[in-house]
Amino acid sequence: MKLDEFLPSPAATLKHSGPHDRIMLSSRVRLARNLRGLPFPGWAKKPERVKALELIRPAVESLPAMAGAFSGSMDDLTSLDRQILVERHLISREHAARSGGSGLVLNPDLSLCVMINEEDHLRMQALRHGLQLRAAWQAIDQLDSALERKLDYAFSRELGYLTACPTNVGTGIRVSAMLHLPALVLDEQINQIITAVNKLGLAVRGLYGEGTEALGNVFQVSNQMTLGETETDILERLHKVLAQLIEHEENARGRLLEKKAKMVYNHVGRAYGILANAHSISSKETMNLLSLLRLGVDLGCFPNVDRTLAEELFMTTQPAHLQKGFVEKLSADQRDLLRADMLRERLLQVGRPVTPPPAPDKPSAN
Amino acid sequence: MLCDICKKNVAKVHLTQMDKGETKKIDLCEECAKVKGIDDPTSFSLADLLLGLGAAQEMEQGAAGAGLRCPACGFTQAEFKKTGRLGCADCYRTFAEGLEGLLKSMHKGTRHVGKAPQAQHFSPDLEGQLKALQRSLEKAVADEDFEQAAVLRDQIKRLREPSREPSAP
């Protein structure tokens with residue numbers, strides 16, 4: 001099956017909602033596992049990588065949770081397909097760059113994704129909308145337990161699951177969340193918050209993980225330590241921090257509206273103005289403005305617009321998503337024109353922002 | 001500002017590292033930076049970048065030093081320094097000595113306490129574990145590393161009290 005036919009549209013996947021999804025975009029739990037007796041992918045020779053793929057892929061495909069899954073070798077995917085998977089946050093940029101002996105198994109609603117021969121033989125992840133770390137952990141824990149009956153994992157009683165990088169050894173778990181924190185950024189509190197979160201042994205990264213910018217005010221928070229702590233301890237600690245971050249962001253929004261409402265509406269109005277009227281716009285500017293549009297939706301400035309519109313455009317205005325449907329490779333300039341055309345078209349249905357928004361149905365506003 | 005290593009020359013290379021929220025700064029003179037291989041960013045040890053400054057050196061201070069080679073997969077210390085990754089599961093045993101300090105500095109503990117594969121979850125070799133821990137404890141006391149000794153003492157205590165074994169989730 002072609003990946004293009006398999007992947008549901010961004011709009012379809014964004015229909016699902018989850019707790020706190022006003023601020024918390026997604027929850028993800030990833031486990032790293034390796035097979036006993038085969039070198040880790042980065043050090044293995046191609047035949048060894050192929051062997052690992054041949055052992056792992058059928059085992060993953062045979063799991064009931066993966067019924068109807070897309071399963072392929074990275075070789076079979078075009079570079080455009082891979083880029084699209086990165087833009088959909090389904091695979092890492094590193095995995096997209098791999099070829100011989102690497103593979104991917106993806107379930108139909110994209111909530112489970114197994115990368116084969118990434119940095120480790122197996123990188124499996126469960127994705128959920130909003131704040132649902134526990135549900136994501138349960139899903140991936142089950143998948144892992146089913147898989148361990150079919151595969152012989154490299155495991156040591158002392159050090160737990162053995163991984164290519166010592167930073168992942170032990171539980172091999174990475175619990176992460178994507179948050180949209182525009183008010184903390186506008187209120188210039190974000191650096192303080194990042195420092196505080198770092199102090200708790202958690203990493204704060206940009207949109208596409210390690211070493212990337214926090215485009216569009218989207219931040220990724222995840223655990224760093226994997227050894228000497230149980231999976232649930234790691235998860236609960238992160239959960240607590242996320243609940244606080246959500247609260248801080250809500251408070252910052254309230255405070256901004258109270259003290260600097262004009263500043264906020266100015267940002268939202270200008271973002272709308274540019275997005276709805278530009279004839280050429282870069283991906284970076286788009287993301288930053290869509291973040292403000294989304295904030296506007298959250299604050300009630302666009303009463304008839306669904307929050308997912310901003311999120312969907314966030315994805316569909318990325319380079320590979322724009323390139324889709326074109327045979328010839330588009331230049332960055334061409335993409336900027338195309339992106340602007342698409343945004344003007346989509347924002348045609350979105351009326352001008354109402355500022356200040358009509359009194360929301362807050363209990364205090366009766 | 002003087003170089004942190006030789007304390008003689010003026011520091012011209014300034015490195016900043018974030019470690020558990022703390023910012024560590026290292027200032028080096030050009031010569032010391034060259035000796036450490038930091039003058040040329042392309043040769044700057046990725047292991048150091050990924051795992052914290054000094055990671056590669058810490059590994060090298062392990063018993064057999066830089067020449068150590070994994071018997072299972074042929075991976076060497078030098079490779080680790082270059083990539084910050086290990087070659088195979090057995091590397092953890094081969095390079096155990098060098099890894100110990102590294103794991104201690106980057107993780108909450110040095111013993112796995114989470115999920116274990118059911119098939120491999122046979123009754124733990126309690127006796128063996130206790131002996132190994134006891135040995136490490138004696139070594140820690142001899143080295144006057146009392147912080148580590150306290151951690152080990154608690155681990156031994158936990159192992160001896162079956163009621164406090166973490167139950168399966």
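What radius of gyration would a compact globule of 366 residues have, and what value does chain A have? A compact globule of that length would have a radius of gyration near 21 Å, and chain A, with 21 Å, agrees; the radius is taken over C-alpha atoms, and the globule rule is 2.2 Å times the number of residues to the power 0.38. The model is predicted: local features need pLDDT of at least 70 and side-chain atom pairs count only at pLDDT 80 or more, whereas totals for chains, interfaces and linings use all residues. Residues are numbered from 1 along each chain as its sequence is written, with chains lettered from A and ligands numbered from 1 in the order in which they are written.

Along the principal axes, the C-alpha atoms of chain A fill a box of roughly 65 × 50 × 30 Å. Its secondary structure comprises 14 helices and 10 strands, defined as DSSP runs (H or I, at least four residues, for helices; E, at least two, for strands) numbered from the N terminus. Of the 366 residues of chain A, 50% are buried. A residue is buried if 20 or more other C-beta atoms, placed from the backbone, lie within 10 Å of its own, exposed if 12 or fewer do, and partly exposed in between.

Helix α10 of chain A (residues 261-277) has 17 residues and spans 24 Å from its first C-alpha to its last, close to the expected 24 Å, which is 1.5 Å times one less than the number of residues. Its buried residues are V264(A), H267(A), V268(A), A271(A), Y272(A) and L275(A). These fall within an arc of 125° seen down the axis of α10(A), so they line one face of the helix; the arc is that of the directions from the helix axis to the C-beta atoms. The face turned away from the buried side carries the exposed K262(A) and N277(A). Among the elements covering the buried residues of α10(A) are α7 (182-186), α9, α11 (283-298) and α14 (332-347) of chain A.

The largest nonpolar core contains 117 residues, and those with the most contacts inside it are I140(A), L179(A), L275(A), L293(A) and C88(B). Such a core is a set of buried Ala, Val, Leu, Ile, Met, Phe, Trp, Tyr and Cys residues joined through C-beta atoms within 7 Å. Leaving aside neighbours within four places in sequence, L293(A) is in contact (C-beta atoms, placed from the backbone, within 7 Å) with A271(A), Y272(A), L275(A) and A310(A).

Between the chains, 35 residues of chain A are in contact with 35 residues of chain B.

Conventions
Contact = placed C-beta atoms within 7 Å.
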